[in-house]
Amino acid sequence: MADISGIFNRVKGGYGRLAKSLHPALTLPPLRVTFEVTYRCNLSCPFCFQEFAREQSPDFKKNFELSNEEILAAVDELPRHTLITFNGGEVFVRKDFPDLLRAIKARGRRCNIVTNGTMLFADKAELLVDQSSVLSAGVSIDGIGETHDLIRRLPGAFERTVENLRGLSAYRRRRGRRFPVVDVKTVITSQNLEQLSEIYLLARDIGADYLTLSCLRTSELLFALPCRSSMADGAWREAPLPLSEPVDLDLLRAQLENLHRLAAAAKPALRFYPDYGEIPGIIKYYANEGTLEDYELCRAPWTNIRVAPNGDVYPCLAYRMGNIREQRLLQIWKGRALDQFRAELDRQLLPACMGCCFLKAKPGITYQAAHTCAQAFLVAQ
Ligand SMILES: C[S@@+](CC[C@H](N)C(=O)[O-])C[C@H]1O[C@@H](n2cnc3c(N)ncnc32)[C@H](O)[C@@H]1O
Ligand code: SF4
Ligand code: SF4
C-alpha cells in the first residue's frame, strides 16, 4: 500500500517551504485543520493536559462546544485540498460525532480522527469503513494489559481497545477497503518502556498500518488550553519543565533498536513524534539534554491550524488567534495575530516548542550517556 503518511509529509514539506517564502499578504490556505470537537473524555490519563482545561474552564463544558453546523460551516470555507483532522478529548463522547463524519463524506471531503478506542464498537467500525471518508484512524495504546489500564486509568481499557481495533481491522478487510489506515499511537513513558517492542508486535498482530511513538510533552503551552490571550505574557520564552521520572536510557536505546529491526521487515511502519530519523535524538530528549538546535526550523504555523471545542483558533502553542464564532477561519488564518506568531518563528524555534510533535530532528544528532545505566527523568505522574 502507498505510504500516505510519507506522501503527506513530502507535500507538507514543499507546501510549507513555499508558504513560508511568500509575503504574509499572499498566505496560502492551511494544508491541515484540526478540530478538537470536545475536551470531554471517558478517561483521565495523567499526562493529558486537557483534563485541566475541561475541569477548570467553563468554556469547555458541553454547552459551549461548537455544534456540527458550526464546524461544517468552517470546513466549507476551506479549499478542497485542506485535510481535516478531528481530535479531542474523546471524539466518540460526542453522540453527534458520527453525523459529523457522515456530513464530511457527503461533502466529498476526507478527514483523519484520533480516539482512545474504548468506544470503537462494531457500529463505529461500520461507520469508519462504510459511512465516512476517514483516511486514518489513530488509536492510542500505551502498554500491554495492566500497564495500559494504569496509564489510561481505566480497568479493562486495554482489552476493550484491542478487541475494538481487531474488529475494525477485520471489518475493513472483509469489506476489501484500504481506509481508514490504522495508526496505533503510543506515548513513551517510564511505565511502558520495557513493552515498546511488545506494543509493536501487538500492532502488527492487529493489522495496524503504523505505530507512532510520541515523546512525552511537558510544555503547558503545547495543546494546553484555555488559550492565553496574548504572547505579551512571555510564557513562550520559557522552556518546558524537564522530564522528571527515571528512565533507563540503555533500555530505551535497546527498545528503539529492536523496533527499527522489526519495522525493517514488515508492517506496521514506524513513526516518531517529533520526527526523529535516528535514535540518539530520542535518547538525548529523554536524558533531558535535548536543545532546540537539534531541530529544524518549523513551518507548521504556515500549514496547520487548530480549532478548540469553544471555537478558539490557535496555531500550536496555546495562544488565541481568534474565534470562529466571531470571525471566519480563513480571516483568522490571514490575520495580524498569526502573522506576528509566524514572524517570531521565521528564524528560530521558541523555547516552548521543545517536545512538540511537529518538530523534525536534524540528521546527525549525537548523544553519549554519561554512564552506562544512565537515568533520565520523566514527569512525575
Ligand atoms: C489528546 S489525545 C485525544 C485523542 C484520544 N482521546 C486519545 O487518547 O487517543 C491525542 C493523543 O495525544 C497523546 N497525548 C496526550 N497527552 C500527551 C503528552 N503529554 N505528551 C505526548 N502525547 C500526549 C495521547 O496519548 C493521544 O495519542
Ligand atoms: S483518552 Fe485522550 S483525551 Fe482522554 S485523557 Fe487520555 S489522552 Fe486525554
Ligand atoms: S515546533 Fe513550535 S512552532 Fe512548530 S508546531 Fe510545534 S509549537 Fe508550533
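The legends below describe close-up views of a predicted model. Local features need a pLDDT of at least 70 and side-chain atom pairs count only at pLDDT 80 or more, whereas totals for chains, interfaces and linings use all residues. Residues are numbered from 1 along each chain as its sequence is written, and chains are lettered from A and ligands numbered from 1 in the order in which they are written.

**View 1. The shell around ligand 1.**
Of the 16 residues around ligand 1, Phe47, Asn116, Ser140, Lys185 and Arg217 come nearest; a residue counts as near a molecule if its C-beta atom, placed from the backbone, lies within 6 Å of it. By class, this shell has 6 nonpolar, 7 polar and 3 charged residues, where Ala, Val, Leu, Ile, Met, Phe, Trp, Tyr, Cys and Pro count as nonpolar, Asp, Glu, Lys and Arg as charged, and the others, Gly among them, as polar. Strands β3 (111-115) and β5 (181-188) each supply at least two residues of the shell; helices (H or I, at least four residues) and strands (E, at least two) are DSSP runs, numbered from the N terminus.

**View 2. The shell around ligand 3.**
Around ligand 3 there are 13 residues, of which Cys298, Ala300, Cys316, Cys353 and Cys356 come nearest. The shell of ligand 3 has 13 nonpolar, no polar and no charged residues.

**View 3. Strand β9 and its partners.**
From strand β9 (residues 304-307), Asn304 and Arg306 point one way and Ile305 and Val307 the other way, and all are buried, that is, 20 or more other C-beta atoms lie within 10 Å of their own, with C-beta atoms placed from the backbone (exposed would be 12 or fewer, and partly exposed in between). Strand β1 (residues 32-36) runs parallel to β9 and is joined to it by 4 bridges, with Arg32 opposite Asn304; two strands pair if DSSP finds at least two bridges between them. Strand β10 (residues 312-314) pairs with β9 in the antiparallel sense over 2 bridges, and here Val307 stands opposite Val313. The hairpin formed by β9 and β10 has 4 residues between the strands, and Gly311 in the turn has a positive phi of about 95°.

**View 4. The buried face of helix α4.**
Helix α4 (residues 97-106) has Phe97, Leu100, Leu101 and Ile104 as its buried residues. Seen down the axis of α4, these residues fall within an arc of 100°, so they line one face of the helix; the arc is that of the directions from the helix axis to the C-beta atoms. They pack against α3 (68-77), β2 (83-87), β3, α5 (122-131) and β4 (134-140), contact between two residues being C-beta atoms, placed from the backbone, within 7 Å. Just after α4, Gly108 takes a positive phi of about 75°.

**View 5. The buried face of helix α8.**
In helix α8 (residues 196-206), the buried residues are Leu196, Ile199, Tyr200, Leu202, Ala203 and Ile206. Seen down the axis of α8, they fall within an arc of 160°, so they line one face of the helix.

**View 6. Thr212 in strand β6.**
Thr212, found in strand β6, is buried, with 21 other C-beta atoms within 10 Å. Not counting residues up to four places away in sequence, Thr212 touches Asp183, Lys185, Arg271 and Tyr273. The C-alpha atoms of Thr212 and Asp183 are separated by 6.8 Å, although these residues are 29 apart along the chain.
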